[in-house]
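Have a look at the structure first, and then we can walk through the spaces together.

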Amino acid sequence: MTNAKVEAVAARSEAAPAVPWPAVAVVMVGMFMAILDSFIVVVAGPAIQADLGASVGQLQWVLAGYQLSYAVFMITGGRLADLYGRKRIFITGTAVFTLSSLACAMAQNPGTLIGARIVQGLGAALMVPQVFAVITLAVPEKARHRVFGTLGIVIGLATMSGQLVGGLLIGADLFGTGWRSVFWVNVPIGIATIVFAAKYVPESRATGTRKLDLPGVMALSAALLLLTFPLIQGREAGWPWWTWACFAASIAAFALFVVLERGIDRRGGEPLMKLSLFSQRSFSLGIVLVMAVYALLTSYYLALSISMQEGLGMSALGAGLVYTPAAVTFFVFSKVAGRLVPKYGRRVLEIGAVVLAAGYLTTAVVLLSGSRLTPLLIIPTLMLQSVGGGLLITPLLNTVLSRIAPETVGMASGVLSTAQQIGGALGVAVIGAVFFNSYHPDTDGRIDAAGHAFAMSSLTTFAIAVLAAVLVFLLPNKKAPAAG
């Protein structure tokens, strides 16, 4: 080999540093399962209600119990990993998730299913923060944008494919298990994930004291519970007085948490959360941006699912297939974003945010102009949204975590994951209220009512997308050294 060829190979190696793909792939499987289980049960709801005789309130708790424990314990899960090892906590979380999935699949009454779902959310809260931490710590900095791009694809596809995968599994009725197959499928995947995590995922932990801030855990858990519970249950309950009392109490609990954390930090202890994280502009703005983006994703696809199934009378599988072109588009433009971000930086996110907002506005304008809601009408606008989503969501995670020091990456990852869940709950509360207040099938007819309600939902998501776009333009454009 000539000297020129040797130099060319060396240059390529330096430009594309090695990525520990086995470790990265394993933790991403955990992320995919956790997100998918937030959506897949929506499709299974009617079958669960019929088989177990669940009331409407119990069915809501099958969904809400998972989301609540997932959101409430995420930051604690990230901190536990900082103290006791990210690999150890990831494997523990996967084991809890897998065993609780088995309990869900075997549940004989609504109470057992609800309890198992709450434990399943706890398992997800232990798994998910480790995904961000492992990528940030194990992947060379120059390759991190590519890996976070792949993670963005995984998150987006898990979000959009939940309805489709659920419809396929229930329609296939594997071994006569019906709705239980949406939980059975987690068991072999979870076992395989544990085996491969033990082999491939490197262990890491933060240096320093090995002590969990229990007062901080209790205060933050109470604050998150008081915030997320009324967000998830408030609309169905008609926003009674207790929902507003919970919001007020959550503010007091967050204030107590801040006081506790500052006191521990001042005394030289190990707080659950270093509040100095929020002094970094990229992180504090990024957390609000993540909340806005996930408020869009979760609520919009739930509104679309209801419009397709209740409004147009489509099956769960048929409604899921409506997402397929958008999912493919998201995948393609996520790959495009991974190639463009190293060269153009924040500009890619800016274009993605603008296109995403334009996609929501286009959907609203088309439907409000008098066109009837049909799959063929809505698929092109969903694809336009996916173009923007692929360019924005894919590099967003790396942008938010790019300045975080290794010793606080688990903590920061937990905050980021919690922001995703709170954003999702907030979006469902706001956009769900808009959708159902605009949906009047008894007077307007199912199809027209669904079209009008989905148009109003699209206008609301457009407003949130504009806020997200503004936040993207405010993000720092160049990377700075990591701060503790």
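A pocket here is an open set of grid points with protein on both sides within 12 Å along at least five of seven lines, and its lining residues have an atom within 4 Å of a point. Please keep in mind that this is a predicted model.

**The largest pocket**
- The volume of the largest pocket is about 1200 Å³.
- Its lining is made up of 44 residues, and those closest to the centre are Val 42, Leu 63, Arg 235, Leu 302 and Ile 306.
- Two or more lining residues come from each of helix 2 (21-52), helix 3 (56-72), helix 7 (144-172), helix 10 (214-237), helix 12 and helix 17 (409-438).
- Helix 17 is the top contributor to this lining, giving ten residues.
- Sorted by class, the pocket lining has 25 nonpolar, 16 polar and three charged residues.

**The largest cavity**
- Searching the whole structure turns up one cavity of 30 Å³ or more.
- The largest cavity holds about 70 Å³ of space.
- Ten residues line the largest cavity, with Leu 297, Tyr 301, Leu 356, Gln 385 and Gly 389 the closest to its centre.
- Helix 12 (281-311), helix 15 and helix 16 (375-401) each give two or more residues to this lining, and helix 16 gives the most, with four.
- The cavity lining has seven nonpolar and three polar residues, but no charged ones.

**Helix 15 and what follows**
- Helix 15 covers residues 346-368, and its 23 residues reach 33 Å from first C-alpha to last, close to the 33 Å expected.

Key. Residues numbered from 1 in each chain as written. Predicted model: local features only at pLDDT ≥ 70, side-chain atom pairs only at ≥ 80, totals over all residues. Heavy atoms only, no water. Expected span 1.5 Å × (residues − 1). 1 Å grid on protein atoms, 1.4 Å probe; cavity = no way out; pocket = protein on both sides within 12 Å on 5 of 7 lines; lining within 4 Å. Points joined across faces, edges and corners; volume = space filled by probe spheres on them. Nonpolar A, V, L, I, M, F, W, Y, C, P; charged D, E, K, R; others polar.
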